[in-house]
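Dear colleague,

Please find below the structure that I am handing over to you.

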Amino acid sequence: DFNWKDRVVVSVGIRGDKSTNNGDANKLYYYPKANAAINLHEFDNLINPDGALSQAKLRVAYGQSGRFSNFNDRFNPMVGTFIGTSNGLFTDPQRGNTEVGPERQSEIEFGTDLGFFKNRLVLDVTYYIKDIDDLLLRASVPQSTGYTTQVLNAGGLRNQGIEIGIDAVPVRGRFTWNTGVSFWKNTSEVTRLDVPAFNLGGFALSLGQYRIEKGLSATTIVGTVPKDSPDFGTATYKVYGNAEPDFNMAFNNSFSFGSWELNFLIHWRNGGDAINLSTLLWDLGQLT
């Protein structure tokens with residue numbers, strides 16, 4: 001860690017992890033991190049703290065972290081059963097992977113924090129890019145192996161988005177009012193897939209499932225192709241929507257008077273599709 005008069009602050013670190021959940025239980029996986037910030041308001045004669053702009057910070061950060069696979073992913077598990085009247089074991093349909101390793105998440109973000117009117121109004125903006133490499137996926141394997149699935153490091157995923165927050169203290173004293181507005185938006189994309197594309201979630205493709213395919217969002221919703229579609233009979237699925245919302249906003253307020261305090265939060269989620277199974281559960285036969 002380095003701090004020069006609170007004007008420039010720098011931190012650098014590295015972490016090493018190993019786990020018996022990895023195929024090689026003795027291997028250390030290293031994850032570096034670093035961040036830096038410049039407080040412009042701490043420089044002499046650069047910003048007048050009594051003026052409209054009272055605080056200005058520029059910041060950048062980069063870091064990596066890992067997520068281990070599950071304990072059974074490296075082994076061929078055995079499942080207990082009864083054979084006649086005796087206890088027995090049979091092989092689980094998941095095949096072990098002695099080379100399985102952790103996912104590696106890498107994120108870089110840029111941001112600024114601005115304070116106005118002696119920090120009674122604060123604005124913070126952050127833009128981030130997060131990549132996940134060696135994504136852990138449960139992939140299908142040929143049944144001639146004696147198994148049906150195997151966990152592989154076989155994918156990559158990118159998330160990127162922006163976060164904006166505005167906090168203000170319009171009234172300060174015996175009666176104090178704190179208010180804030182937050183805005184955030186995220187988009188994702190499958191950037192690497194070493195196994196064939198697949199669907200997951202839901203009950204069936206006819207009712208909507210999530211599609212994991214290179215180039216698509218990780219929250220893409222697909223379904224069967226309607227009979228009146230020109231692609232009927234040739235396409236294997238039709239994209240119906242995306243579960244990722246267009247954006248989220250939150251509006252928070254806090255009022256305090258003496259020993260009394262009132263808080264409330266309004267959350268707005270705009271856009272984003274959902275798989276609705278109401279028709280399946282209540283009226284799939286269209287009889288009501």
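The model is predicted. I begin with one of its sheets: an open sheet of 4 strands, arranged in the order 14-15-16-17 and paired in antiparallel fashion. Its edges are formed by strand 14 (198-200) and strand 17 (238-242); each has a single partner strand, so one side of each lacks a neighbour in the sheet. From one strand to the next, the twist averages 45 degrees. As background, strands of a sheet pair through backbone hydrogen bonds, in either a parallel or an antiparallel manner.

Strand 14 is joined to strand 15 (residues 209-212) by 3 bridges, and the two run antiparallel. Opposite Tyr210 in strand 15 stands Leu200.

Turning to the protein as a whole, its secondary structure consists of 1 helix and 19 strands. The radius of gyration is 26 Å, whereas the globule rule gives 19 Å for 288 residues; the protein is therefore more spread out than a compact globule. The C-alpha trace spans about 80 × 60 × 45 Å along its principal axes. Of the 288 residues, 30% count as buried.

Finally, the surface carries a nonpolar patch of about 570 Å², made by Phe117, Leu121, Ile166, Val181, Phe251, Phe264 and Ile266. One of these residues, Phe264, lies in strand 19 (residues 260-270). Is Phe264 buried or partly exposed? Phe264 has a relative accessibility of 34%. Buried means under 20% and exposed means over 50%, so Phe264 counts as partly exposed.

Yours sincerely,
A colleague

Terms used:
Residues numbered from 1 in each chain as written. Predicted model: local features only at pLDDT ≥ 70, side-chain atom pairs only at ≥ 80, totals over all residues. Heavy atoms only, no water. Patch = residues over 30% accessible without salt bridge, like charges linked within 9 Å, V, L, I, M, F, W, Y side chains within 5 Å. Areas by Shrake-Rupley, 256 points an atom, 1.4 Å probe, with all protein chains shown as cover. Salt bridge = Lys/Arg side-chain N within 4 Å of Asp/Glu carboxyl O. Buried < 20%, exposed > 50% of the residue type's maximum accessible area, 1.4 Å probe, protein only. Pairing = 2+ DSSP bridges. Axes fitted to C-alpha atoms, helices over the stretch in contact; angles between N-to-C directions. Rg over C-alpha atoms; globule rule 2.2 N^0.38 Å.
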